[in-house]
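Here's a quick tour of a protein model, written for someone who likes to know the cut-offs behind the words. Have the sequence and the coordinates open as you read.

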Amino acid sequence: MPSDPKYPEMRRRRFRPIPVRMLVPNFITLLAICAGLTAIRLSTEGRMELAVAAIVFAAVLDGLDGRVARMIKGQSKFGAELDSLADFVNFGVAPGLILYFWQLHQLGNGGWIAAMVFAISGGLRLARFNATIDDPNKPAFAANYFTGVPAPAGAITVLLPIYLAFLVVPSPPATLTAFYTLLIAFLMVSRLPVFSGKTVRMRVPPEMVLPVFVSVVFFVALLIGYPWHILSAGSVLYLLSLPLGWRSYRNHERNAAAQAAAPAAPADAAPPSPASSFSSAVADADQDNRPARLN
C-alpha cells in the first residue's frame with residue numbers, strides 16, 4: 001500500500017512492532033477464556049468435577065495475568081478490555097450454566113432465570129468496576145475495598161452446593177440452590193464494601209522466604225489432595241468475612257469524617273514577631289524567682 005504523502009508517519013505507526021511483554025498477559029487471559037469455555041462443554045457432558053476444576057483454574061489464571069502485567073510492565077487498554085470479557089465468560093456465564101446443568105434445570109424456567117440472573121449480575125458488576133476504576137471522588141482508603149463481591153470470588157462461592165455434593169453431603173433442594181445463586185448474584189451487584197487486599201505489600205522478609213515456600217507448597221498439596229474440602233471451607237470462610245470488610249470500611253469512613261470536621265488552623269495566621277517573642281521571654285524572666293545570673 002502506498003503511503004499517503006500528507007501523512008508519511010501513518011503507515012509506520014500502524015505497523016509498529018508490539019513488544020513481547022505486552023503479549024504475555026494477554027496469552028494468560030486467553031488461556032483463562034479457554035478454561036471457562038471448556039468448563040461449559042464439560043458441564044453439558046455431565047463431567048461436573050472437571051468443569052468445576054476448570055473454573056478454579058480460570059480463577060488462578062485471572063489472578064496471575066494482572067500481576068504478571070504489572071511485574072513486566074505489560075499493561076494495555078486492550079488487555080484490560082480482554083480481561084473484562086474473560087471474567088464475564090469465566091465467572092458469569094460458565095458458573096451459571098454449570099449450576100443449571102447440575103441441578104437448576106429441575107426447576108424449568110425458574111432455574112434458568114436464576115442462572116441467567118447470576119450471569120447478568122457478573123456482567124453488570126464488571127461494567128461498574130470499569131466505569132468507576134478512575135473515579136476522582138473516591139476516598140484514598142477505598143482503594144483497599146471492592147464494591148460488591150468480585151466476579152472470581154462470586155464464581156467460586158456460588159459453586160458451594162456442588163462442592164458439598166462432591167463430599168457426599170446430601171444435595172440441597174433445587175429451590176434452595178436457586179435462592180443461594182440469587183443471593184450471590186445480589187452480593188456481586190450490591191454496594192457492599194469487600195476487602196480487596198490489592199494494597200497489601202507483597203515483599204517478603206529474607207528470613208521468611210523458606211517458610212513462605214513451604215506454606216505455598218503445603219496449600220497447593222492440600223488443594224490437590226482435598227480440593228472439595230478446601231473449596232468448601234474457603235467459600236464458607238469468605239462469606240463469613242464479608243461483615244468484617246463492611247465494618248472496617250465504616251470505621252475508615254467515620255475516621256475520615258472526623259478528620260474533615262476537625263477545626264483546622266488558619267493558613268493565613270502570621271507567625272509571632274521577634275519583638276513579641278522577646279517581650280514574652282522578658283515576662284517569663286520577671287516571673288522567675290531565681291537569681292538574675294541564672295536567667
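## Surface and overall build

The protein chain exposes about 19,100 Å², with carbon and sulfur atoms supplying 67% of it (areas come from the Shrake-Rupley method with a 1.4 Å probe, and for residues only the protein chains shown count as cover). Bear in mind that this is a predicted model, where local features need pLDDT of at least 70, side-chain atom pairs count only at pLDDT 80 or more, and totals for chains, interfaces and linings use all residues. Residues are numbered from 1 along each chain as its sequence is written, and side-chain values use heavy atoms, leaving out hydrogens and water.

On the secondary structure side, you get 11 helices and 2 strands (DSSP runs numbered from the N terminus: H or I of at least four residues for helices, E of at least two for strands). Reading from the N terminus, the order is α-α-α-α-α-β-α-α-α-β-α-α-α. Of the 295 residues, 33% count as buried (under 20% relative accessible area; exposed is over 50%, partly exposed is in between, with a 1.4 Å probe and protein chains only). Take the contacts with a separation of 6 or more: residues 24 or more positions apart account for 82% of them (contact means heavy atoms within 4.5 Å).

## The greasy patch

Which residues make the nonpolar surface patch of about 1,000 Å²? They are W112, I113, M116, V117, I120, L124, F179, L182, L183, F186 and V189. The elements giving two or more residues to this patch are α5 and α8 (174-189), and α5 gives the most, with 6 residues. To join such a patch, a residue needs over 30% relative accessible area and no salt bridge, with nonpolar side chains (Val, Leu, Ile, Met, Phe, Trp, Tyr) joined within 5 Å. L182, in helix α8, counts as partly exposed because its relative accessible area is 34%.

## Helix α2 and what follows

Helix α2 covers residues 24-44, 21 residues in all, and reaches 31 Å from its first C-alpha to its last, close to the 30 Å expected at 1.5 Å a residue (the expected span is 1.5 Å times one less than the number of residues). Its buried residues include P25, N26, I28, A32, G36 and L42, and the buried residues of α2 pack against α3 (48-71) and α4. After α2 comes G46, with a positive phi near 85 degrees.

The salt bridges come to 2 (a side-chain nitrogen of Lys or Arg within 4 Å of a carboxyl oxygen of Asp or Glu). R41, E45 and R47 are linked in a network of them. Here are the two pairs:

| Salt bridge | N to O distance |
|---|---|
| E45 and R41 | 2.9 Å |
| R47 and E45 | 2.6 Å |

As for cover, R41 is exposed at 53% relative accessible area, E45 is partly exposed at 40%, and R47 is partly exposed at 39%.

## A glutamine in a loop

Q103 sits in the loop between α4 (77-102) and α5 (109-132). Is Q103 buried or exposed? Q103 is buried, because its relative accessible area is 5%. Setting aside neighbours within four places in sequence, Q103 is in contact with S171, P172, P173, A174 and T177. With T177, the side chains make a polar contact at 2.5 Å (a pair of N or O atoms within 3.5 Å; within protein, one must be able to donate a hydrogen and the other to accept it, and residues adjacent in sequence count only if both atoms are side-chain atoms).

Note on methods
Patch = residues over 30% accessible without salt bridge, like charges linked within 9 Å, V, L, I, M, F, W, Y side chains within 5 Å.
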